[in-house]
Structure formats: C-alpha cells, structure tokens
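Colleague: I would like to go through this protein slowly, asking at each step what a term rests on. Could you take my questions in turn?

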Amino acid sequence: ANKLDASHHEGRRVAGYMLLTVLLARGRQLRDDERALAVATSRQRFDRRQEHGDTTGAAAAAYSLANLHKRLGDAPAAIEWFEAAGQLDARYLDRAYYHSDFAGVLFEHGDHEAAAEHYGRAIEPGESGLILALHADALIFSGRYEAAQARLDNYLADQPGPEGAEWRLKRAVLPLLMERGGPEQSRQPEV
C-alpha cells in the first residue's frame, strides 16, 4: 500500500488506499505489528499529501487516520486526527458523516457534551434513524434530559420494533429523572 501510494500514477495511489481500507475493516483484530504498520503507512500517506501541498488530500488522509485510530480503540489519537481533517478542509465541518463519526469517538472517550454537539450537527432536517437515538444518548449523558426526551420521541415515532427497545426504556425513565433532577443537570460524574 505504501509503495503504491508513493507512485505518481493516480490509479496506483487509489489501489494503495484500497489496501489500507482492508486494514481499517479489521481494526481491533490486527496484531500489534499490523497495527503499527497500518498507522505508519497511513501517516506516510498523510505526510506525502502535506509535502505536495495537497490540503484536500491531506484532510482526507487525516480523516482516514481518525477512523483507523477509532477502529483501533485509540480515542485520543482519533480525536486529534478528526480535528486535523476539519482544520485542513473546512468542508468537513458541513458533512453529516464527519460529525457522526467524530461524535461516536467523543462519546466513547467520555466527552458527552462534545458528542451531543457533533451528533446534533450530523442531523439534517427530516433525519430519521439511529443517529437520532445516539444524539439522545449523548444528551442524556450530558445532563440535557428534556432535549433527550424530545429527540427520543422523534426516533421512536419510526421505530416500533425490537430495535427500539433500549431507547423506549431510556425514554420511559427520562420523566422520572426529570421529576427528581429537572430538565437539565450539571453532570459531574467524577464527583
């Protein structure tokens, strides 16, 4: 993949990227040496684009690195690369998939407020599906119960089947939570 990516031929660079996506798909199943090689190769891909002044390509490589680190379970590195992608190419900041992917790693890392913000930015008018429930979850964990209840109501309107069970349970508990703590709460889990 690295040799193909170093080529001056666009088709070979694309083939190199395709080989890297295989590693991304395997994620946490990679051995330590395979992980290190995947990260090093992806980083060299990013560096090449930077050296050639290809900001758009560097942003795409940064986004790929973010997702690779996300799949490898390295949230701090994933967050760093998501931020880099957005800084290198501001168009990422207008893309729902960018915010959804970024929100997922922020949530898993415990930054629920930032996750709620990014999930919110990933939702476009008329949106339906799991993204609504994930946004609600981030709102719950960030102490914004009333907003979470409204978001779950939107999601559950289209999810009558078993896939909505977890979210129906959370929706059922929210009124009790708000009765005790109000519509919003300053969350301090560490305390």
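Modeller: Let us begin with helix 5, whose buried residues are Ala75, Ala77, Ala78, Ile79, Trp81, Phe82, Ala84, Ala85 and Gly86. Please keep in mind throughout that this is a predicted model.

Colleague: What covers the buried residues of helix 5?

Modeller: The cover includes helix 3 (32–51), helix 4 (55–72) and helix 6, and a part counts towards it when heavy atoms come within 4.5 Å.

Colleague: How do you know that the span of helix 5 is close to the one expected?

Modeller: Helix 5 has 14 residues and reaches 20 Å from its first C-alpha to its last. The expected span is 1.5 Å times one less than the number of residues, and for helix 5 that expectation is given as 20 Å, so the two values are close.

Colleague: Why is Phe46 called buried?

Modeller: A residue is called buried when its relative accessible area is under 20%, and Phe46, which lies in helix 3, has a relative accessibility of 7%, so Phe46 counts as buried.

Colleague: Which residues is Phe46 in contact with, leaving aside its neighbours within four places in sequence?

Modeller: With those neighbours left aside, Phe46 is in contact with Ala58, Ala61, Ala62, Leu65, Trp81 and Leu88. Trp81 is also one of the buried residues of helix 5.

Colleague: How confident is the predictor in the protein, and where is confidence lowest and highest?

Modeller: The mean pLDDT of the protein is 89, and 94% of its residues reach 70 or more. Confidence is lowest in helix 1 (residues 2–5), at a mean of 69, and highest in helix 5 (residues 75–88), at 98. Where pLDDT is low, the predicted coordinates should not be read in detail.

Colleague: What makes up the lining of the largest pocket, by class?

Modeller: The lining has 5 nonpolar, 3 polar and 5 charged residues.

Conventions:
Residues are numbered from 1 along each chain as its sequence is written. This is a predicted model: local features need pLDDT of at least 70, side-chain atom pairs count only at pLDDT 80 or more; totals for chains, interfaces and linings use all residues. Side-chain values use heavy atoms; hydrogens and water are left out. Ala, Val, Leu, Ile, Met, Phe, Trp, Tyr, Cys and Pro count as nonpolar, Asp, Glu, Lys and Arg as charged, and the others, Gly among them, as polar. pLDDT is the predictor's confidence in each residue, from 0 to 100. Helices (H or I, at least four residues) and strands (E, at least two) are DSSP runs, numbered from the N terminus. Buried means under 20% relative accessible area, exposed over 50%, partly exposed in between (1.4 Å probe, protein chains only).
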